[in-house]
Every structure is written in C-alpha cells, then in structure tokens.
Amino acid sequence: MEEEEEQQQQQKKGKKKYYSIIVPTYNERLNIALLVYLIFKHLRDVDFEIIVVDDGSPDGTQEVVKQLQEVYGEDRILLRARPRKMGLGTAYSHGLKHASGDFIIIMDADLSHHPKYLPSFIRKQQETGASIVTGTRYVRGGGVHGWNLMRKLTSRGANVLAQTLLWPGVSDLTGSFRLYQRSVLEDVINSCVSKGYVFQMEMIVRASRKGYHIEEVPVTFVDRVFGSSKLGGSEIVEYLKGLVYLLLTT
Amino acid sequence: MKHILKIMALVVAISAFWIGLLRTSIVSDSYAWLLPVYLVLSLGCYGLLMVGVGLMLFPTCPQEAVLLQQDIAEGKEFLKSKGIDVASD
Ligand SMILES: Nc1nc2c(ncn2[C@@H]2O[C@H](COP(=O)(O)OP(=O)(O)O)[C@@H](O)[C@H]2O)c(=O)[nH]1
Ligand SMILES: [Mg+2]
C-alpha cells in the first residue's frame with residue numbers, strides 16, 4: 001500500500017531524479033570498497049550510479065572495483081579509468097563525461113567524506129532547488145577530526161584570508177564534498193584551470209560569481225585512516241597564488 | 001566586474017574620503033595623517049582576531065572518528081563475506 005502511494009506521488013512529481021556520484025581514486029583499494037559499501041547502505045531509496053575515476057593506481061584499486069561491480073552490478077558502479085595520474089580537476093571532468101545523472105555528487109574516496117551525509121545533500125537540494133549544495137565543516141553540526149594545531153592554524157588563516165579578499169558567500173571554500181546540478185557543473189568546470197585545493201575554491205567562487213544558488217549543509221571530516229594524502233608539498237604557496245589568481249580573474 | 005576592481009574601488013573611495021579630511025581639516029592634521037596607519041593596524045588586528053577566535057572555536061568531532069571505526073569494521077565484515085580482499089597493508 002505505502003509503496004503504491006509513494007510511486008503515485010513520484011509519478012505526479014515526474015521522473016525520479018538520478019544521481020551520479022563521481023569518486024576520483026589513486027591508491028585507495030581499501031577505502032573505495034568501504035566507501036561503496038557505505039554509499040549503498042545510506043542511499044537505499046535513491047537512484048544512483050557510482051563513477052570511479054582511477055588513475056592507474058599501482059595498488060590494485062581497479063581490481064577491487066571490478067570485484068565490487070560483481071557484487072553490486074556494473075550499471076551501479078562504473079569504472080572509468082585513466083592510464084596514469086593526471087590530477088584531480090581533470091578526473092572530475094572525465095567522470096562527468098560518463099555520468100548520466102541529473103545531479104552530480106563529488107566526493108573523496110578516503111572516507112573523509114562520509115556517505116551518511118548524502119541524504120542531507122539531496123534533501124537540501126530538493127527543499128531549496130539549489131544549483132549547488134556544498135558541505136561545510138565550519139558551522140554547527142560540522143567539524144574536523146585528526147588535525148594538529150598547525151593544520152588548524154593554516155586552515156583558519158587561509159579561510160579568513162579568502163573570506164576577507166574574495167567575499168565568496170560560502171563558509172567552506174576548500175571542502176570538496178558537493179552536489180551539483182549537472183548543467184551547472186558542466187558550465188563551471190570548463191572555466192576552471194587550477195589544481196589541488198585551489199581547484200575546489202575556484203569552482204565555488206566562479207559558481208558564486210555566476211550567480212548560481214548555493215546552499216550549505218554541515219559535514220564532519222575525519223582525516224583519512226588508510227592510505228596517504230596525495231596533495232601536499234608547497235600547499236601554502238599554491239594557495240596564495242590561487243587567491244591572487246581568483247582576485248584577478250573572477 | 002573583476003573582484004580586484006571592486007576592492008580597488010573600495011580603496012579609492014576610502015582614500016578620497018581621507019584626502020577630503022586632510023583638506024577640510026575637520027580633524028586636526030596630525031591626527032588625519034595617522035588614520036591610514038590605524039586602518040592598516042585595525043585590519044591586521046581583525047585578521048588575527050578572526051584566526052584566533054576561529055582556532056579557539058574550531059569545531060572538532062572526536063565521536064565521529066569512533067563511529068567511522070565502527071563503520072569500517074562493519075564494512076570489512078560485509079566485504080569479506082562477499083569475498084573481496086580487504087586486508088589492510
Ligand atoms: N583519479 C585521481 N584521483 C586522485 C588524484 N589525486 C588524488 N586523488 C583522489 O582524490 C581524493 C582526495 O585526495 P587526498 O589525497 O585525500 O587529498 P586530501 O584529502 O586533500 O589530502 C582521494 O579520493 C584521492 O584518491 C589523481 O591524480 N587522480
Ligand atoms: Mg583526503
């Protein structure tokens with residue numbers, strides 16, 4: 001009975017929305033398996049596909065993904081690999097090319113972005129009709145675990161600097177746990193050229209300048225348990241360069 | 001409009017106001033000359049304060065780490081039952 005009612009309601013509202021979750025991976029064999037399990041656990045009555053963009057990880061990430069395809073089906077988990085490590089920004093556009101959803105969700109594979117928040121992204125979008133829903137760590141209900149004082153300090157400094165200079169209208173610029181309307185992501189991603197953290201910042205700042213409706217939901221961020229971070233190096237210098245670049249071009 | 005232009009416009013507006021103050025001597029000259037210094041200082045203080053306050057109120061979530069460990073254990077169990085190799089190295 002209940003199911004029938006639900007279906008009728010859905011027919012009234014039109015076609016059920018389809019979501020494509022793009023997950024870039026590089027050496028995440030354990031994390032991707034756990035992530036896929038958790039996504040299926042938390043998105044029970046949502047139509048979605050997972051698109052894994054793996055950059056030729058030497059640790060056997062792709063073998064694990066193929067095993068997962070056998071469990072969950074090749075139509076639910078798509079492996080769209082690239083031959084070698086080519087960076088995050090292009091990984092998203094590569095995944096986007098193969099996505100068939102009305103909405104695109106972008107998240108990291110390392111479990112710092114927990115799938116239990118996916119329903120709140122989807123709900124927020126449905127309630128507000130937003131073009132972008134972005135996860136923020138810096139509001140009530142959000143938070144970070146596993147950062148030392150230095151990491152917190154740079155994060156705060158970077159955030160205050162960007163807020164004062166760019167007036168972006170969102171509280172968490174470098175978080176990359178986001179839901180996009182498909183057309184919006186296609187529009188924004190093509191005008192972005194930065195790499196690393198700056199790429200996430202550029203995406204949201206450009207979207208905000210273009211006047212897209214952006215909403216935020218609180219998320220928590222637990223530093224990765226398995227594997228190692230691929231960003232790093234001269235992060236601060238890159239960040240400052242990115243800030244200047246955005247000041248001049250947006 | 002490029003964002004840098006907005007900021008420059010703001011700077012120009014403030015400078016114009018300042019030069020106006022210098023010329024009309026509504027406030028004493030020596031005081032007016034110091035105003036830009038005060039402005040820069042207060043901007044710096046604002047930045048430091050924001051970073052400091054942000055650091056003190058930095059939202060943390062230790063309980064989330066515990067929950068994640070439970071999810072990981074649960075996930076490993078399931079994956080193992082499906083014959084997926086999840087031994088961590
Ligand atoms: N396909 C692809 N994925 C990447 C690349 N670099 C990082 N990733 C993935 O992007 C996500 C975030 O990277 P991570 O190293 O955790 O960055 P951090 O969280 O900022 O330290 C993870 O899922 C990585 O596996 C890359 O060059 N290619
Ligand atoms: Mg990470």
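Q: Contact here means heavy atoms within 4.5 Å. Across which strands does helix H3 (residues 61–72) of chain A lie?
A: This is a predicted model. In chain A, helix H3 runs at about 150 degrees to strand S3. The strands that H3(A) lies across are S1, S2 and S3 of chain A.

Q: What ipTM does the predictor give the complex?
A: For chain B, the mean pLDDT is 91, with 97% of its residues at 70 or more. For the complex, the predictor gives a pTM of 0.91 and an ipTM of 0.88.

Q: Which are the edge strands of the seven-stranded sheet of chain A?
A: The sheet is open and its pairing is mixed, with the strand order S3-S2-S1-S4-S7-S5-S8. An edge strand pairs on one side only, and that holds for two strands of chain A, S3 (77–79) and S8 (214–218).

Q: Which residue of S7(A) is the bridge partner of A:Thr134?
A: Strand S5 (residues 132–136) and strand S7 (residues 178–181) of chain A run antiparallel and are joined by three bridges. The bridge partner of A:Thr134 in S7(A) is A:Arg178.

Q: At what angle does helix H2 (residues 29–42) of chain A run to S2(A)?
A: H2(A) lies across strand S1 (18–25), strand S2 (47–54) and S3 of chain A. The angle between H2(A) and S2(A) is about 170 degrees.

Q: Do H1(B) and H2(B) count as roughly parallel or roughly antiparallel?
A: The axes of H1 (residues 3–24) and H2 (residues 29–56) of chain B come within 9 Å and cross at roughly 160 degrees. Angles over 145 degrees count as roughly antiparallel. H1(B) and H2(B) are therefore roughly antiparallel.

Q: How many nonpolar residues are in the contact of H1(B) with H2(B)?
A: From H1(B), B:Ile14, B:Trp18, B:Leu21 and B:Leu22 take part, and the residues they meet in H2(B) include B:Asp29, B:Trp33 and B:Leu39. The contact has one charged residue and no polar ones. The number of nonpolar residues is nine.

Q: Is the crossing of H4(A) and H7(A) left-handed or right-handed?
A: Helix H4 (residues 88–97) and helix H7 (residues 182–189) of chain A pack at about 140 degrees, with axes 11 Å apart. They are therefore oblique to each other. Their contact includes A:Tyr92 and A:Leu96 of H4(A) and A:Leu185 and A:Ile189 of H7(A). The crossing of H4(A) and H7(A) is left-handed.

Note on methods:
Residues numbered from 1 in each chain as written. Chains lettered and ligands numbered in written order. Predicted model: local features only at pLDDT ≥ 70, side-chain atom pairs only at ≥ 80, totals over all residues. Heavy atoms only, no water. pLDDT = per-residue confidence, 0-100. Pairing = 2+ DSSP bridges. Helix = DSSP H or I, 4+ residues; strand = E, 2+ residues; numbered from the N terminus. Axes fitted to C-alpha atoms, helices over the stretch in contact; angles between N-to-C directions. Parallel < 35°, antiparallel > 145°, perpendicular 65-115°, else oblique. Nonpolar A, V, L, I, M, F, W, Y, C, P; charged D, E, K, R; others polar. Left-handed = near helix turned anticlockwise from the far one by under 90°.
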